[in-house]
Number of protein chains: 2
Amino acid sequence: MESGNDTKQKLLDVTRQMIDANGIDSVSMRDLGKEMNLSRSAVYRHFKNKDDLLAAIVTENFDVLINRLRELFGEIDDPRKLVSEMLYTFYDFGIKNYEHYQLMFIKQWDKSQYANLHISAFELFRIIYKCLEKAHEQKLTVSKSAKQLTAMGSAFIIGLVELNSAGHLESEKGFDDPTGLINSFLDLIFKIPPNSQSGLF
Amino acid sequence: MESGNDTKQKLLDVTRQMIDANGIDSVSMRDLGKEMNLSRSAVYRHFKNKDDLLAAIVTENFDVLINRLRELFGEIDDPRKLVSEMLYTFYDFGIKNYEHYQLMFIKQWDKSQYANLHISAFELFRIIYKCLEKAHEQKLTVSKSAKQLTAMGSAFIIGLVELNSAGHLESEKGFDDPTGLINSFLDLIFKIPPNSQSGLF
C-alpha cells in the first residue's frame, strides 16, 4: 500500500500536469480526485483547499530555481558573469514556466498563512543579493547598495518576463533581444573595467 | 431616444464599474445586459464578445495614460525630471489601476484582431523613447541607445508594479521605496552632472 507521502507527491505531480496542459485555472480538487481514483475526503486530507495545493507546487518550484542559482554561485567566480547567469536563469525560468512563475511572483499569498512561500521568495532574492554584494565589495559595481541593485535587477527581470509573455516583442520596442537587454542592464550596474575604456578616446 | 454611441459608452462605463468592484473575471456580457435593461442581442450589437468589450476599455485607458505623459512632455523641460515624472506616472497608474494595467500590459491580445491596442502600446513606448532620445542628444545619458534605455525602463516599471501588487514590499528586499528605486534607476542611466562629482574626491 502506498504511504501518505507517496500519495501527496502523486497529487502534486498530477496537479503539475494539469497546470502544464491547461493552466492554473484548470486545476480543481474534484478533477484531481477523479484523475487519481481518490475520494474527495482523501484529497482533502492532504490539501485543505486549492490554494494549499498550489502553494505546495510553488514551494517545489522555488526549490528548483533556488538550487539552480546556488549551483551557479558555486560554479562561477567572476562576479559579473555570475550575476549575468543568475538574471538570465531567472528570466529563462519565467519564460519557460510562465504559469508557475505567475504563481511564484505575481499571485498574492497571505503572509501569515503561507509564510514559507515568503521565506522562499526572500531566499531567492538573497542569493542574487549575495552575488551583487560580492561584486560591490570588489568595487566592481556603481555606487548603489547591493540591496538596491538586487531590487532593480529583480524588477527588471520580472518586467522582461511579463512583456515577453504578453507578446510585446517587437524590435521597434527593443524587447526582441532579452539577452542583449540583460547585458545592457549589467553594463549600467557594473563599472567599465579600465582596460576596455580605450575605445572612448 | 439614446443614440447608439451613448449606449455604447454606457456599456463601457458599467463594465468599468464591474471591473473596479469585482475584477476582470466578474465582467459578463449577460450581467451587463441585465444591469442596463438591454436584450442580449442589443449588447452584442455593440461588442461581439467579452474581449471586444475589454479591448474598448483598454483603448480608453491607453488614451488616458498617453495623454498624461504627453502633458508632462509639454510641461517639463529638464530631461531627467521629465523621464522621472513619466516613469513615476506609469508606475502610479499601474498601482492605482492594477486590473486595468493587467489588461493593458499583461494580457495577450491577438495582433491582427486587436491591432489598435498594439498601436496604443507602441505610442506609449514612443513617448518615453522621445524623452530619452532628447536626453541622449543632450549627452545626458550613458552610452546606451534611447531604445535600449526605454526598453529597460519599461521592463523595470512593469516589474515594480507586479512586485508591489503581489505584496513583495518588505524593506529587506528593497521594494518598500519605489520612488527611491526609480530615482536610483535614473542615477544608472543619467550621467552624473560635473558639478555634483566633487563629493567623489
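B:Asp187 is partly exposed, with a relative accessible area of 34%, whereas A:Lys144 counts as buried at 13%. Here buried means under 20% relative accessible area, exposed over 50%, and partly exposed in between (1.4 Å probe, protein chains only). The side chains of B:Asp187 and A:Lys144 meet in a salt bridge, 2.6 Å from N to O. A salt bridge is a side-chain nitrogen of Lys or Arg within 4 Å of a carboxyl oxygen of Asp or Glu. This pair crosses between chains: B:Asp187 belongs to helix H9 (residues 178-189) of chain B, and A:Lys144 to the loop between H7 and H8 of chain A. Helices (H or I, at least four residues) and strands (E, at least two) are DSSP runs, numbered from the N terminus.

The model is predicted: local features need pLDDT of at least 70, side-chain atom pairs count only at pLDDT 80 or more, and totals for chains, interfaces and linings use all residues. Residues are numbered from 1 along each chain as its sequence is written, chains are lettered from A and ligands numbered from 1 in the order in which they are written, and side-chain values use heavy atoms, with hydrogens and water left out.

**Contact between the chains**

Chain A gives 42 residues to the contact and chain B gives 42 residues, where contact means heavy atoms within 4.5 Å. Between them the two chains bury about 3,400 Å², with 67% of it on carbon and sulfur atoms. Buried area is the accessible area (1.4 Å probe) that two parts lose on being put together, summed over both. Of the area that chain A buries against chain B, A:Met152, A:Lys173 and A:Leu188 supply 17%, more than any other three residues.

There are 2 salt bridges between chain A and chain B.

On the side of chain A that touches chain B, the elements giving two or more residues are helices H6 (98-106), H7 (115-137), H8 (146-165) and H9 (178-189). H8(A) provides the largest share, 13 residues. H8(A) is also mostly covered, with 18 of its 20 residues buried, and A:Gly167, whose phi is positive, near 90°, follows it.

**Salt bridges within a chain**

Over all chains the count comes to 18 salt bridges.

| Pair | N to O distance |
|---|---|
| B:Arg16 and B:Glu60 | 2.8 Å |
| B:Arg70 and B:Glu123 | 2.9 Å |

B:Arg16 lies in helix H1 (residues 4-22) of chain B and B:Glu60 in helix H4 (residues 50-75), so this pair ties together parts that are 44 residues apart in sequence. B:Arg16 is partly exposed, with a relative accessible area of 21%.

The second pair links B:Arg70 in helix H4 of chain B to B:Glu123 in helix H7 (residues 115-137), 53 residues apart. B:Arg70 counts as partly exposed at 43% relative accessibility, whereas B:Glu123 is buried at 17%. In chain A, salt bridges that share partners join A:Arg70, A:Glu123 and A:Arg126 into one network.
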